[in-house]
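Below is a short briefing on a structure, grouped by topic for quick reference.

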Amino acid sequence: MCRLFAITSQKPLSPMVALKALDVMREGHDCSGVGIFLRDLAGPFEEIKDAPILSGIFSDKGLKRLDTFMMDIGFMTKYKISVKLPKVPPPGVPKRDVYLIRAYEYPEEWEDLGQTELYEQLLKIRLQLRAMGEEKKDMIVFSFWPDVIMIKEIGDPMLVAEHLNLDRKELFARVIMAQGRQNTNYAITLYACHPFFIQGYATMTNGENTAFVPIRSFLESRGFDGYTGYQSDSEVFTHILHYAVSKLGLGLETYKHIITPLQDGDLLDHPNSHFLKNLKQTCRPLIIDGPNCVIGCLPDHSVFMVQDRKKLRPGVVGGKPGVYAFSSELCGLDAAIPNRDKSKDFQPMHLDTAFVGPGRQEVTLWNQKDPLPLPH
Amino acid sequence: MEPERPIAPSTLSVKDLPWQILWDLDKCTLCGKCTAVCPVNAIELGVFRKRILEPPTDITQETVTDFRSYFGIRQKTDPAYRCVGCAMCTMVCPNDAIVPCRTDESDKLKFHVDQGGQPRRRGGRRNVAGGVLDRLKFIRISMLTDPALDAGRHEFELRTLLGRVLPPEENLKFLSANGWIPPVREIYPLIIGGMSFGALSPSMWEGLQMGVAYLNEEMGMPVRICTGEGGCPPRLLRSRFLKYVILQIASGYFGWDEIIHAIPEMKEDPCAIEIKYGQGAKPGDGGLLMWYKVNKLIAAIRGVPTGVSLPSPPTHQTKYSIEESVAKMIQSMYMAWGFRVPVYPKISGTSTALAVLNNLTRNPFAAGLAIDGEDGGTGAAYNVSMNHMGHPIASNIRDSYLTLVEVGMQNQLPLLAGGGIGKNGNLAANAAALIMLGASGVQIGKYVMQAAAGCLGSESDRCNICNIGLCPKGITSQDPRLYRRLDAEQVAQRLVDLYLSFDTELKKIVAPLGRSTSLPIGMSDALGIDDPNVAERLKIKYVV
């Protein structure tokens, strides 16, 4: 079973904060793997916020192929983190050649591209690299995006962290998401490891999404190249979020209305019932069937948690102005932010979306029965 | 030796018939109820002469031969009066003295039933038992993280949509611009398919309508019923219950004069309009109401003279192609109700279903597609059409769903599956399997007749005389002496029983799969079968 932890803090933090929180929740997961998502980066990456960062795992041969590929397009390395690996990995962790975190300078020809086109191109390159890697089994690519780093590996999260020396200054970030489990509901592959990322949107999930196959069919048939992969039934949560916000232009407050719409009786009483009924019908294939707890992050650095209707997964949010965390279990929250006002901890229930904005000053709660905000 | 009767090519013995009447002299009270009830006069009072030999114990005396006669039941062997196996004789016999039995070999009647050059016509269904639907298993039991859902206590939302659902981008655009959004109905996924007023008796129709109204208004289940081609009683057209009714228009347009004239007086819009292009039981053949059943009431509703057979043409005569036909009919029907009522075509299962479907994807008004598979039933058709024409529903629905997925329209055009759902009594399992193959809902007819009214028909050619209006249960008869046997209130009650038990069974299927918040349309990962060829064809798992 997965355990999830996400923290958003004004003061940059080491990913170890999240990994330690995961470690205290280890009874709830099987220590079979770890996925880390870092955003709003500090340290050396702070100066190069716009530069796309490639995160992945490469063999020596794969790295050479990567270099040739990127140089052909015109990408120049701007900054990289060198991960020096001990010769022998800890038990349960595969031997790898290179964990790559590398920021690039855009090709000159790209200078005139608008943001939408730029983002499409970044996605395209990530998908191309992934396909190249899958063909020769020499690259695994997690993200290629400005101000975002992702690290995933099989094995006990703490051992992996030690092995990769994650407690380093270059990796400090203000938004950190971490998940402790590799063995997801489908085949064991690093592409099945949460968090998932697409064009600035990231989510990780605890639970099983039994409506996975129809949702996957719907996303795959949207005609958008990024809706692919799906080694895990949880990847669709990221893509639904991306679809809702980026493709449909809806706000985060509608995300829950899409994945777990109100039942008909409640829908009729809702002040926005006409809109919501249309949304429920038109997005019907995106209705999930959990139990699921989803923690996600938007391009504006907001972090949120939603439960599905069944509310059978644990999840809690708490903290203090400046730093808030979302955790599968209270003990994880205690480990990361011990000196908070615990009476303000909140466990989102089946109608709630809990959300901490980029200002990190408070937890905002949306109840699904509340009126929707006016269109922006 | 001379035969008992003259031997002609079509002279049959009781043994040659599909059903043989077993009658017990000792039990029979000679009350005559069986001969009176037999719908086809297959049995009559018989006077039998019997020789009695009484050999004496004393060898010096001669054997006495005596002749006696006794009364009993004689089965007719004339093909026109063959027993149909309905067993109403057994039903009425006070002493269980009589029962029809299926012959133990292939009957010879089938070679002689075409007397006068008229091939056999009948009601009922394809005389083939079994089918792939019963072999589909639900294999994806949620065992990973999910405490199993409790079918009895958990909340379930198992409704479906009927109507053209716009893609999200368009829906939101039209919503903000106050554009026209096609009407969509949220309905229960088990729909009572088209059985006309005329094919069904007044008490059956009334019972079904009462049951549907009860399910909607008392049980909160949005069940819908299709009229079939035969119009709709004027009072129903002008009642609030019309919203539970799908009006069907077919090539004979029977009853539509009455419907069109009632439009200004309608309190509610009908649920939808179904345009019938084909029927699974007799693909490529039009509707048929034989003259036996066209009495004054039926004639008035349909706008025809009494006592004439009413064959609908196989095609909609005013149109020359399916594209034109579908487009024009859909448009006309939308206009009739001010674009407030979904309109969708129903076709028979066919290998050309995808061509029709592709056409509908390009028609922004098409509100769905109903496909009726080869195991569908009918009130009257040629035997050859029923037994040999048509396409199984499973692969038709699967192909159609996957085609919609390919073009990204799986949520836009709901597919309704019909034909043989629950034919072996496994209604919920068959319906759930079709939904997971991609159907948005299923249509049933024969199952309703069997469960709600006690229809005796079966795949072994029992009864199946719906066409001649002699239904011994009064379900498909227009003769008051017969349809008075059926109590509409009891039909309504049985219909409610049927739906409530179906609902529980459907939950018992979806709950272990971890599904409760929406109908698992296209959840093909839940399905498996022990036949690799079927698995490959339907793109589901092969399990042994």
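**Briefing**

Y253(B) counts as partly exposed because it has 18 C-beta neighbours inside 10 Å; by the rule used here, a residue is buried if 20 or more other C-beta atoms lie within 10 Å of its own, exposed if 12 or fewer, and partly exposed in between, with C-beta atoms placed from the backbone. The model is predicted: local features need pLDDT of at least 70, side-chain atom pairs count only at pLDDT 80 or more, and totals for chains, interfaces and linings use all residues. Residues are numbered from 1 along each chain as its sequence is written, while chains are lettered from A and ligands numbered from 1 in the order in which they are written.

**Backbone features**

- Y253(B) has a positive phi, near 55°, and is not a glycine.
- Y253(B) sits in the loop between β11 (245-249) and α6 (256-262) of chain B; helices (H or I, at least four residues) and strands (E, at least two) are DSSP runs, numbered from the N terminus.
- K137(A), also a residue other than glycine, has a positive phi of about 55°.
- The loop that holds K137(A) runs between α3 (115-136) and β6 (139-146) of chain A.
- K137(A) counts as exposed, because it has 10 C-beta neighbours inside 10 Å.
- H194(A) and P195(A) are joined by a cis peptide bond with omega of about -10°, and P195(A) is in the loop between β8 (173-179) and β9 (196-198) of chain A.
- G290(A) and P291(A) are joined by a cis peptide bond with omega of about 20°, and P291(A) is in the loop between α9 and β11 (292-297) of chain A.

**Chain A**

- Chain A contains 10 helices and 16 strands.
- For 376 residues a compact globule would have a radius of gyration near 21 Å, and the 20 Å of chain A agrees; the radius is taken over C-alpha atoms, and the globule rule is 2.2 Å times the number of residues to the power 0.38.
- The C-alpha trace of chain A spans about 60 × 45 × 40 Å along its principal axes.
- Of the 376 residues in chain A, 53% are buried.
- The domain assignment (automatic or from a database) gives chain A domain 1 (4-49 + 147-367) and domain 2 (50-146).
- The centres of these two domains of chain A, taken over C-alpha atoms, are 24 Å apart.
- In chain A, 26 residues of domain 1 are in contact with 27 residues of domain 2, where contact means that the C-beta atoms of two residues, placed from the backbone, lie within 7 Å.
- On the domain 1 side of that contact, β7 (148-154) and α4 (157-164) of chain A are the elements that give two or more residues, and β7(A) gives the most, with seven residues.

**Chain B**

- Chain B contains 16 helices and 21 strands.
- For 544 residues a compact globule would have a radius of gyration near 24 Å, and the 26 Å of chain B agrees.
- The C-alpha atoms of chain B fill a box of roughly 115 × 60 × 45 Å along the principal axes.
- Of the 544 residues in chain B, 51% are buried.
- Chain B is divided into domain 1 (14-118) and domain 2 (133-457 + 493-542), with centres 44 Å apart, taken over C-alpha atoms.

**Contact between the chains**

- Chain A contributes 28 residues and chain B 34 residues.
- On the side of chain A, α5 (212-220) and α9 (273-282) each supply at least two residues.
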